[in-house]
Amino acid sequence: MDKKSKKLKPEVIVELCKRTKFTEEELQQWFKGFIKDCPSGQLTLDEFKNIYSSFFPQGDSSHFSKHVFRTFDTKKDGAVDFWEFIDALSVTSRGELEEKLKWAFSMYDVNNLGYITKEEMLEIVRSIYQMVGQTIAMPEDESTPEKRTDKIFKQMDVNRDGKVSMQEFIDGGKADPSIVQLLLYDPVAARMSMTPEMA
């Protein structure tokens with residue numbers, strides 16, 4: 001990546017076109033916006049939280065954005081570089097359902113043990129409720145984070161062992177499209193997919 005010219009090198013473009021669902025032109029636009037907003041070439045947790053807080057000024061997005069950041073930060077070095085950013089954005093905005101579910105699983109699997117406990121799911125769902133505040137009316141059976149978590153967990157924990165495996169998570173998401181909406185709440189990816197210059 002050539003930060004001075006704010007353009008990706010040709011060999012980088014070729015590699016990113018292979019591994020993402022973006023065109024060369026889109027990748028150049030994303031890179032330009034990324035470097036404009038992150039001149040160091042690294043997106044920090046604080047910068048990530050600021051992006052989320054601009055989308056949710058009425059709520060507290062700090063907890064949810066921390067979980068999304070952890071999932072974007074695949075190198076686990078405390079920063080998100082352009083490669084990590086564009087890989088995650090490709091999955092969350094243009095990925096197939098199974099790709100999105102695998103990505104979401106890694107976010108819900110807070111302890112990174114290969115399964116999701118009810119407590120982990122509640123942590124993520126609670127952070128979503130804190131972020132959206134009172135702006136979205138929920139049905140009675142989802143009116144609290146606990147109720148929503150109970151609903152999702154009962155549907156997904158097929159073998160009733162108190163944890164949701166990746167396969168249960170994927171199968172549950174594929175079997176019930178409404179569950180996917182409950183699980184994949186990523187308004188930043190949705191907004192960014194419409195505006196390549198990190199609005």
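Leaving aside its neighbours within four places in sequence, V91 is in contact with E99, K100 and W103. The model is a predicted one. V91 sits in helix α5, which spans residues 82-94. Its relative accessible area is 18%. The cut-off for buried is under 20%, so V91 counts as buried.

A88 is buried, and its relative accessible area is 6%. Beyond the neighbours within four places in sequence, A88 is in contact with F72 and W103.

Now look at the chain as a whole. It has eleven helices and four strands. The chain holds 199 residues, and buried residues make up 45% of them. Consider next the contacts with a sequence separation of 6 or more. Of these, 60% join residues 24 or more positions apart.

How do α1 and α2 pack, and at what angle? Helix α1 covers residues 10-19 and helix α2 covers residues 24-37. Their axes are 10 Å apart, and the packing angle is about 110°. Angles of 65 to 115 degrees count as roughly perpendicular. The pair α1 and α2 is therefore roughly perpendicular. On the α1 side, the contact is made by I13, L16 and C17. On the α2 side, E24, L27 and Q28 make it. By class, the residues of this contact are four nonpolar, one polar and one charged.

Next comes a pocket. Which residues line the second largest pocket? They are R70, T71, K76, F105, S106, D109, V110 and N112. Two elements give two or more residues each to this lining: α4 (62-72) and α6 (97-108). The volume of the second largest pocket is about 160 Å³. Its lining has three charged, three polar and two nonpolar residues.

N112 is in the lining, and its place in the chain is the loop between α6 and β3 (115-117). Is N112 buried or exposed? Its relative accessibility is 63%. The cut-off for exposed is over 50%, so N112 counts as exposed. The backbone of N112 also stands out. Its phi is near 60°, a positive value in a residue other than glycine. Most residues other than glycine have a negative phi.

R160 is another case of this kind. Phi of R160 is near 55°, again positive in a residue other than glycine. R160 is in a loop too, the one between α8 (145-156) and β4 (163-165). At 56% relative accessibility, R160 counts as exposed.

The last stop is G172. Which helix holds G172? It is α9, residues 166-175. G172 is buried, with a relative accessible area of 15%. Its contacts, leaving aside neighbours within four places in sequence, are with M156 and I179. G172 and Q155 are 17 residues apart in sequence. In space, their C-alpha atoms are 6.8 Å apart.

How values were computed:
Residues are numbered from 1 along each chain as its sequence is written. This is a predicted model: local features need pLDDT of at least 70, side-chain atom pairs count only at pLDDT 80 or more; totals for chains, interfaces and linings use all residues. Side-chain values use heavy atoms; hydrogens and water are left out. On a 1 Å grid over the protein atoms alone, a cavity is a set of points where a 1.4 Å probe fits but cannot get out, and a pocket is an open set with protein on both sides within 12 Å along at least five of seven lines; lining residues have an atom within 4 Å of a point. Grid points are joined across faces, edges and corners, and a volume is the space filled by probe spheres set on the points. Ala, Val, Leu, Ile, Met, Phe, Trp, Tyr, Cys and Pro count as nonpolar, Asp, Glu, Lys and Arg as charged, and the others, Gly among them, as polar. Axes are lines fitted to C-alpha atoms, for helices over the stretch in contact, and angles run from 0 to 180 degrees between N-to-C directions. Angles under 35 degrees count as roughly parallel, over 145 as roughly antiparallel, 65 to 115 as roughly perpendicular and the rest as oblique. Contact means heavy atoms within 4.5 Å. Buried means under 20% relative accessible area, exposed over 50%, partly exposed in between (1.4 Å probe, protein chains only).
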